[in-house]
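Look at the chain below before reading on. The paragraphs that follow walk through a few of its parts, one after another.

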Amino acid sequence: MDGPTNPMVTPLLTDLYQFTMAYAYWKAGKHNERAVFDLYFRKNPFGGEFTVFAGLEECIKLIANFKLTEEEVSFIHKSLPGSCEEGFLNYLREIDCSDVEVYAISEGTVVFPKVPLLRLEGPVAVVQLLETPVLNLVNFASLVTTNAARHRLVAGQSKMLFEFGLRRAQGPDGAIGASKYCYIGGFDATRWFADNVAAGRLFGIPLRGTHSHAFVSSFMSPDEILERSLCSSDGSSTCEDFVTLVHSWLSKIQWLKSLGGIFGETNQSELAAFISYALAFPNNFLALVDTYDVIRSGVPNFCAVALALSDLGYRAVGIRLDSGDLAYLSSEARKIFHTIEKEFGVPGFGKMIITASNDLNEETLDAIRKQGHEVDCFGIGTYLVTCYAQAALGCVFKLVEINNQPRIKLSEDVSKVGERILCRHPFSESKRAYVVPKRVEELLKCYWPGKSGKVREELPALKDIRDHCITQLEQMRPDHIRRLNPTPYKVSVSAKLYDFIHFLWLNEAPVGEL
């Protein structure tokens, strides 16, 4: 199996105290004792009532390739206290995860607090060394996937969502990871005009994009355009002067009575930029129209270029709005597109794609939706990839069993369909109800069997994880996933498990003396 996406994810991506504990386990002869650890979180993020689990694939890649190099062992030796024995270093040289078993919920599954997402079983010292990197790989992945899913729910399924976060992300790894996990959470693509081409190559995520304001500002006039010819889409003819063709269309648009004379002289440097971009990408012409004035310059300039392309058999993609009143501007642009389709008989012109960006988040998406708009695609960056509303998920990694002795227990034998069981709130004695399950699903599957001989669950493709996530969210009751004041999702335990948990707590908790 290939290693983790980030080459920095190695056995050294951990806290020093994991190695000091490993040494202490080894010194005490406890390092090979069989231990079980559960990874879970305590509270749903962003004030919501659901979380999407992600990061499993990277965890399995780490575990499959977990092996210390001689250089790494030497560095650990220098970092540990001088009393560290050579025998421990020999032990480190030999360890891998062949005796570790990993059970996990499927990546992309909707999950809830205190439910184990990952269960690692194996020699206590080895599993302890996995704690920090596994937490690192799951925490951000699950947080940003959940954030993406929340944005998708607000935007609605009919809208395209693009991840625009590379330049604002916390470093290269934050950007690459965000692109991957936003895609799992329901985003359609990462943009390519200045964004995450690397993520597209690594994960096969679709790329979408246009140009920047700087591209528009770099032109002075159409006179700068030296190569003016453009071959028709079917190759049957060539327009020798595409610039003149665009100007003829711009003149026709400006004299349209049905548009009420709202267009005067448009910005010619902007027009030159649009023409140059269309000559370079006639099949993918999507223009950023807000560098100067959206309605009086950007939109008519775009329409003139789009109509010229149409004459040659090409179909322009649409426009992007990156500032201003997005709801109003998108609605006005749509009216103009429909008018041009009607006046000039260009089929589909009224359905030009309108993309909006500019520091969008859940709140602004919700506000735009309530105002009414004509945006087809939203590009979301800073608030998405940085998880601006919440810095971390707060997963924990807890010892639940050592040498077959439970320290706490969060699962038991699976129930049966049609078998009546008493379900209880894990912590409130009075909340309970009888349930007859119609469907029973075992959540924890074996994704790394080690030497146990158990059947290993295959890691799904990224698109399959994304589809699973979308299906999971569709199955949720609307009030559980709404943005404001969601209804808590009830996670219950059986009466048998309830009694066992409380028995353990009472035995372990110290008794005070007054």
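Helices, of at least four residues, and strands, of at least two, are runs assigned by DSSP and numbered from the N terminus. The model is predicted. With those terms in hand, start with a stretch named in a record. UniProt, in an unreviewed entry, places the feature "domain: Nicotinate phosphoribosyltransferase N-terminal" at residues 12–139. This span is 44% helix and 16% strand, and its end C-alpha atoms lie 18 Å apart.

Strand E1 covers residues 34–40, and six of its seven residues are buried. It has two partners. One is strand E5 (residues 118–123), which pairs with E1 in the antiparallel sense over six bridges. Along this pairing, Arg34 stands opposite Pro123, and Ala35 stands opposite Gly122. The other partner is strand E15 (residues 396–402), joined to E1 by six bridges and also antiparallel. Here Asp38 stands opposite Lys398.

E5 in turn pairs with strand E3 (residues 101–104), in the antiparallel sense and over four bridges. In that pairing Val102 has Leu120 of E5 as its bridge partner. How much of E5 is buried? Six of the six residues of E5 are buried, so the strand is largely enclosed by the rest of the structure.

Next comes helix H5, residues 124–155. Does its length agree or disagree with what its residue count predicts? At 1.5 Å a residue, the 32 residues of H5 should span 46 Å, and the end C-alpha atoms are 45 Å apart, which agrees. Even so, H5 bends by about 35 degrees at Glu131, and a proline, Pro133, follows within four residues. The helix is mostly covered, with 29 of its 32 residues buried. Just after H5, Gly156 takes a positive phi of about 95 degrees.

Which residues does Gln128 contact, leaving aside its neighbours within four places in sequence? They are Gln18, Met21, Tyr25 and Phe37. An α-helix has 3.6 residues a turn, so residues three or four places apart point the same way.

The last stop is a residue in another helix. Arg466 is found in helix H15, residues 462–475. Is Arg466 buried or exposed? Arg466 has a relative accessible area of 11%, so it is buried. The C-alpha atoms of Arg466 and Tyr181 are separated by 8.9 Å, although the two residues are 285 residues apart along the chain.

Not counting residues up to four places away in sequence, Arg466 touches Tyr183, Ile184, Gly186, Phe187 and Asp188. Two of these contacts can be described in more detail. A polar atom of the Arg466 side chain lies 3.1 Å from the backbone oxygen of Tyr183. The side chain of Arg466 also reaches the backbone oxygen of Phe187, at 3.1 Å.

Technical notes. Residues numbered from 1 in each chain as written. Predicted model: local features only at pLDDT ≥ 70, side-chain atom pairs only at ≥ 80, totals over all residues. Heavy atoms only, no water. Contact = heavy atoms within 4.5 Å. Expected span 1.5 Å × (residues − 1). Bend = angle between axes of the 7 residues up to and from the residue. Buried < 20%, exposed > 50% of the residue type's maximum accessible area, 1.4 Å probe, protein only. Pairing = 2+ DSSP bridges. UniProt positions renumbered as here; feature names shortened; annotations may be inferred. Polar contact = N/O pair within 3.5 Å; in protein donor to acceptor, adjacent residues only side chain to side chain.
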